[in-house]
Amino acid sequence: MFKTLVNAFKIEDIRKKLIYTFMMLVIIRIGSQLPVPGVNRDYFAAWFAAQNNGAFNFFDAFTGGSFSSMSLFALGVNPYITSSIIIQLLTIAIPALEEMQKDGEDGKEKIQKITRYTTIVLALIEAVAMTIGFGNKGLLQEVSFINGLGVVAALVAGSCFIMWIGERITEKGVGNGISVVLLINIVSRMPDDFAMLYQQFMNGKAVPMAILAAIIIIAVVLLTIVLVIFLQDGVRKIPVQYAKKMQGRKMVGGQSTHIPLKVNTAGVIPVIFASSLMSFPGIIMMLLGKSGEDSFVLNTLSQQNWCSLEKPWYTIGLLIYILLVVFFAYFYTSITFNPLEIANNMKRQGGFVPGIRPGKPTSDYLSKILNYIIFIGAIGLTIVAVIPIFFNGVFGASVSFGGTSLIIVVGVVLETIKQIEAQMVNRHYKGFLND
């Protein structure tokens, strides 16, 4: 990885993209420290510290601590993620959106525009609900319409700005912008989390117990990272043979290749979508100004209560989480990978899978293999996510990052590195052709 980055910095255009991405991330961290005008940050920090709902920790992790400190980026990219979930679900129910999804780059741009507008609406709803719900309880320094309007405007503007930064990173930087924003936000919280783990399990303990605790924490983190790497790099290769044909006076074709089907086809999207939906009810209760601490539903949906020895019945939420991850793995793959289109393209180019007839039989074969792979990938994702959740539940290690966060961090880093390598290879090919 480090060798790839060093080599990338030697190439001028890629170096500019890396620097551009870094500067955008610096802007995000600066914005995360700027307070919303007219807000009592001490009140909100005290309120947040008193909450036991894991949805708030998850929400705060995705905002890089901006939510608990009530900064300009307090809403983060969460409205955008929720908007993406809503729009992609609607592509199944609304034929017009489904046609847009299939209409190449133009269709994707239209859906992206709809997603942006939906993000603004959701950010506005969240900002208004938060201001009204907490305004009379101490959030606003001065309870007035003008002050409340200013807080709402600042929160919505911050959410829109961070969405714009994510899109600019995708366009002019490296990696998927929204994923990179999530990455830097989650990583920014990890030093505080490790400090808390030290205070909870090592500080003041006997040396052997402290060493054992440190080994267990490091082993869990490393095991999760290694499993994510294997999951992200796992590929099922479908052999493809191209028939020989006459082109002019020459015989062309006849070469063998393969279709690489990733085991984790949907990447980190299923865990992001599933975690967002699980935390959504708790966030709604917060926006309404209610804690919901005694609510069975909210406690069941909270990751902090899963695998708890004292209240094992809340682990039902873990089963719901696993089902959501599997569902979104199949759903996201179904809208990004079309076996019928690939089979038809292969048929037009004279390609075929050995032992399988071209056309629909090839499409059915690819669908069968894909369904099997998606299931393995989804189960792998849930195993990786459950490992930290299990240790958090059994040992009470309450941190903002967990299996979901580690999957996002490792997955985004691997995907970004691969994109950099692809750009380097593409540049070398262009240079060779120009010479």
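This is a predicted model: local features need pLDDT of at least 70, side-chain atom pairs count only at pLDDT 80 or more; totals for chains, interfaces and linings use all residues.
**Exercise 1. The overall picture**

State how many helices and strands the protein has, and what share of its residues counts as buried.

*Solution.* Start with the elements: there are 16 helices and five strands. Then take burial: 47% of the 435 residues count as buried. Take contacts between residues at least 6 apart in sequence; 72% of them join residues at least 24 apart.

**Exercise 2. How H5 meets H13**

Describe the packing of helix H5 against helix H13.

*Solution.* Two packed helices are described by the angle between their axes and the distance between the axes.

1. Geometry. H5 covers residues 78-93 and H13 covers residues 316-336. Their axes are 11 Å apart, at an angle of about 70°.
2. Class. Angles of 65 to 115 degrees count as roughly perpendicular. H5 and H13 are therefore roughly perpendicular to each other.
3. Hand. H5 and H13 cross in a left-handed sense.
4. Residues. H5 contributes Ile85, Gln88, Leu89, Thr91 and Ile92. H13 contributes Phe327, Phe328, Phe331, Tyr332 and Ile335.
5. The contact of H5 with H13 has eight nonpolar and two polar residues, with no charged ones.

**Exercise 3. Thr91 in its setting**

Which residues does Thr91 contact, leaving aside its neighbours within four places in sequence?

*Solution.* Thr91 belongs to helix H5. Its contacts beyond those neighbours are Leu97, Glu98, Gln101, Ile111 and Phe331. Phe331 belongs to H13 and takes part in the contact with H5. The relative accessibility of Thr91 is 4%, so Thr91 counts as buried.

**Exercise 4. How H14 meets H15**

Repeat the helix analysis for H14 and H15.

*Solution.* 

1. Geometry. Helix H14 spans residues 339-348. Helix H15 spans residues 360-395. Their axes come within 8 Å and cross at roughly 135°.
2. Class. Antiparallel needs an angle over 145 degrees, and perpendicular stops at 115. H14 and H15 are therefore oblique to each other.
3. Hand. The crossing of H14 and H15 is right-handed.
4. Residues. On H14, the contact uses Pro339, Leu340, Ile342, Ala343 and Met346. On H15, Thr362, Ser363, Leu366, Ser367 and Leu370 take part.
5. The contact of H14 with H15 divides into seven nonpolar, three polar and no charged residues.

**Exercise 5. Salt bridges**

How many salt bridges does the structure hold? Work through three of them.

*Solution.* Side chains of opposite charge can pair when their charged atoms come close. The structure holds five salt bridges. Check each pair against the cut-off of 4 Å between nitrogen and oxygen.

*Glu167 with Arg116.* The N to O distance is 2.8 Å. Glu167 lies in helix H8 (residues 145-172) and Arg116 in helix H7 (residues 104-139), so the pair ties together parts that are 51 residues apart in sequence. At 13% relative accessibility, Glu167 is buried. Arg116, at 22%, is partly exposed. This pair also belongs to a salt-bridge network linking Glu109, Arg116 and Glu167.

*Arg168 with Glu171.* The N to O distance is 2.7 Å. Both residues lie in H8, three residues apart, about one turn of the helix. Arg168 is buried at 16%. Glu171 is exposed at 51%.

*Lys360 with Asp364.* Their closest N and O atoms are 3.1 Å apart. Both residues lie in H15, four residues apart, about one turn of the helix. Lys360 is exposed at 56%. Asp364 is partly exposed at 39%.

Notes:
Residues are numbered from 1 along each chain as its sequence is written. Side-chain values use heavy atoms; hydrogens and water are left out. Axes are lines fitted to C-alpha atoms, for helices over the stretch in contact, and angles run from 0 to 180 degrees between N-to-C directions. Helices (H or I, at least four residues) and strands (E, at least two) are DSSP runs, numbered from the N terminus. Angles under 35 degrees count as roughly parallel, over 145 as roughly antiparallel, 65 to 115 as roughly perpendicular and the rest as oblique. A crossing is left-handed if the near helix is turned anticlockwise from the far one by less than a right angle, and right-handed if clockwise. Contact means heavy atoms within 4.5 Å. Ala, Val, Leu, Ile, Met, Phe, Trp, Tyr, Cys and Pro count as nonpolar, Asp, Glu, Lys and Arg as charged, and the others, Gly among them, as polar. A salt bridge is a side-chain nitrogen of Lys or Arg within 4 Å of a carboxyl oxygen of Asp or Glu. Buried means under 20% relative accessible area, exposed over 50%, partly exposed in between (1.4 Å probe, protein chains only).
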